[in-house]
Structures are given as C-alpha cells and as structure tokens.
Amino acid sequence: MSIIATDLDGTLFKGQTLIDGVREGLIEIINEGIEIYYTTNNSSQTPSEIKNKLEDLLQLNIDVSKIITPLVIFQNLYSDNKLNIFIYGSDNLKKYIKNMNMNVTSLEQADLILIGRKEENNNSEINEIIKNVSLGKNILCLNKDLTFPTEFGEKAGNGAVVKIIEDELSISIPTLGKSGNHYSSYFIQNKITVKFVIGDRVDTDIIFGNNLNAKTFLVSSGIKNYLDVNMADIQLNKFSDVVPFLTEQS
Ligand SMILES: [Mg+2]
C-alpha cells in the first residue's frame with residue numbers, strides 16, 4: 001500500500017474554504033487503498049481541532065493519528081522528560097503543552113524556550129528571549145513559516161519572530177516543523193515510508209519530501225514561493241490535478 005503525505009493550508013483548503021475538487025480527489029485516493037498522512041506546520045490548533053476542521057470541510061472521517069503537526073513532533077521528542085518550558089505563543093498553545101505534563105514557566109525558570117505564533121507580537125518579550133538565548137538558554141520553534149494563506153490573503157506566521165531572533169543572534173533555531181530534521185525523523189523512526197508528498201510550499205513541503213526521498217508535487221493553490229519551484233519533481237495547479245499521478249503509480 002502506498003503512503004502519501006499531503007499538506008493542508010493552501011493545498012486542501014484556504015482558511016475555512018475547501019479548494020475545488022479536494023473532497024472528490026481524496027475519496028478517489030482512499031478508494032485506491034492509498035494511506036494519507038495530513039501534514040501541517042499549523043501549531044495554533046491542536047491535532048484534534050484540525051481533525052474536526054477536516055471532518056467538517058470534507059465530510060469524511062479522519063484518523064487523528066494521521067495528522068502530524070509540530071506539536072505531535074514535540075510530544076514525540078519530549079514526552080519522557082518533564083521540562084520547564086517558556087512558551088511564546090497563544091494561550092491555547094500553553095494549555096496544550098501543559099496537558100502534555102510539562103511545566104509551563106516564566107522565561108527565567110525555563111530550561112527551554114518554545115516559539116509559537118501570537119496574534120499580536122510582543123516586542124519586549126522578544127527582546128527578553130533574545131537576551132536569554134544569548135546567555136545560553138535552549139530555544140526551539142514550532143515552524144519557520146513566514147506567512148500562511150487564508151481566504152483573506154497571507155498572514156504573518158511563526159517565522160517572522162523566529163527570523164528576528166535568528167538575525168539578532170546570528171543563529172539558526174531548530175524547528176519542529178516541516179523542513180526540519182525532527183519532522184522527517186518522525187516518519188523514519190515510525191517506519192512510515194512516504195512515497196508522495198504534496199504541498200504548496202517549497203521551503204517546507206518540498207524540502208520535507210526531499211528529506212524523505214519521496215516524489216514531490218508542488219501545487220500553486222496556496223502561497224507564493226520564494227525558493228526555486230524546480231526543487232519539486234512535478235508542478236501542478238491544485239490537489240485534484242495530482243490525483244491521477246497517485247492512483248496510476250500506487
Ligand atoms: Mg501549505
């Protein structure tokens with residue numbers, strides 16, 4: 001049985017709107033017996049919230065264990081150690097990490113700083129983080145996406161804050177998102193052999209696919225890419241255009 005990993009934002013939907021032909025395409029893929037992993041850098045929603053959104057939009061049952069987000073990668077990496085962790089991000093994110101049995105603490109008490117996304121950035125908090133990292137504190141980010149697509153256009157993502165810290169300190173912050181080694185290692189460690197990767201971003205989806213030696217499909221239904229689109233094996237307009245390739249070669 002073939003395994004595919006598809007991106008969500010900009011590939012299956014934009015904001016609350018399903019992209020044309022996605023539901024029909026997925027049904028066709030499922031009927032071929034192809035296994036689908038739903039891979040996303042979205043960290044402002046929990047995997048079960050993403051499952052609910054997918055089920056609402058698609059009117060299909062989705063197995064939550066097939067939804068792989070940076071939070072899943074985080075849990076996989078740190079579930080055995082009770083860390084003191086400072087979270088730059090939403091209250092929702094803090095709640096989720098607390099439920100993983102981590103101590104969510106102040107910056108001063110933290111062993112690890114985790115950068116997520118906030119609706120409104122807080123510059124003094126960012127400056128404090130920069131100071132703490134320069135003094136040797138560990139830092140990780142959920143993803144490095146500079147933007148993400150919505151039906152109202154692109155919005156600033158996690159990556160904007162990550163880049164401020166990286167530029168200020170001339171460091172590269174390890175990411176738990178697609179493009180990072182932690183994300184592709186999850187698939188390798190769990191012996192999930194992904195044959196095809198579909199996504200709208202070269203800097204995340206296509207690099208993730210290349211890390212797994214999968215065949216990569218770049219769709220143009222999402223964001224504008226700043227990296228070379230020729231890094232993808234095949235370029236198409238949208239998810240439903242990919243379906244014939246998958247069902248032929250599975
Ligand atoms: Mg995307």
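Q: Hi! Where does Glu 128 lie?
A: Glu 128 is part of helix α5, which covers residues 123-134. Helices here are DSSP runs of H or I with at least four residues, strands are E runs of at least two, and both are numbered from the N terminus.

Q: What should I know about the model and the numbering?
A: This is a predicted model, where local features need pLDDT of at least 70, side-chain atom pairs count only at pLDDT 80 or more, and totals for chains, interfaces and linings use all residues. Residues are numbered from 1 along each chain as its sequence is written.

Q: Thanks! Why does Glu 128 count as partly exposed?
A: Because it has 17 C-beta neighbours inside 10 Å. Buried would take 20 or more other C-beta atoms within 10 Å of its own, exposed 12 or fewer, and partly exposed is in between, with C-beta atoms placed from the backbone.

Q: And how far is Glu 128 from Leu 107 in space?
A: The C-alpha to C-alpha distance is 8.1 Å, and the two are 21 residues apart in sequence.

Q: Zooming out, how many helices and strands does the protein have?
A: There are 9 helices and 14 strands. The radius of gyration is 18 Å, close to the 18 Å from the globule rule for 250 residues, so the protein is as compact as a globular protein of that length. That radius is taken over C-alpha atoms, and the rule is 2.2 Å times the number of residues to the power 0.38.

Q: What share of the residues is buried?
A: 42% of the 250 residues.

Q: How many bridges join β12 and β13?
A: Strand β12 (residues 196-199) and strand β13 (residues 215-219) pair over 4 bridges. Gly 199 stands opposite Leu 218 in β13.

Q: Last topic: which domains are assigned?
A: Domain 1 is 3-70 + 178-249 and domain 2 is 73-169, with bounds from an automatic or database domain assignment. Their contact takes 18 residues from domain 1 and 21 residues from domain 2, where contact means C-beta atoms, placed from the backbone, within 7 Å.

Q: Which element gives the largest share of the domain 1 side?
A: Helix α7 (residues 181-189), with 3 residues.

Definitions and conventions. Two strands pair if DSSP finds at least two bridges between them. Two residues are in contact if their C-beta atoms, placed from the backbone, lie within 7 Å.
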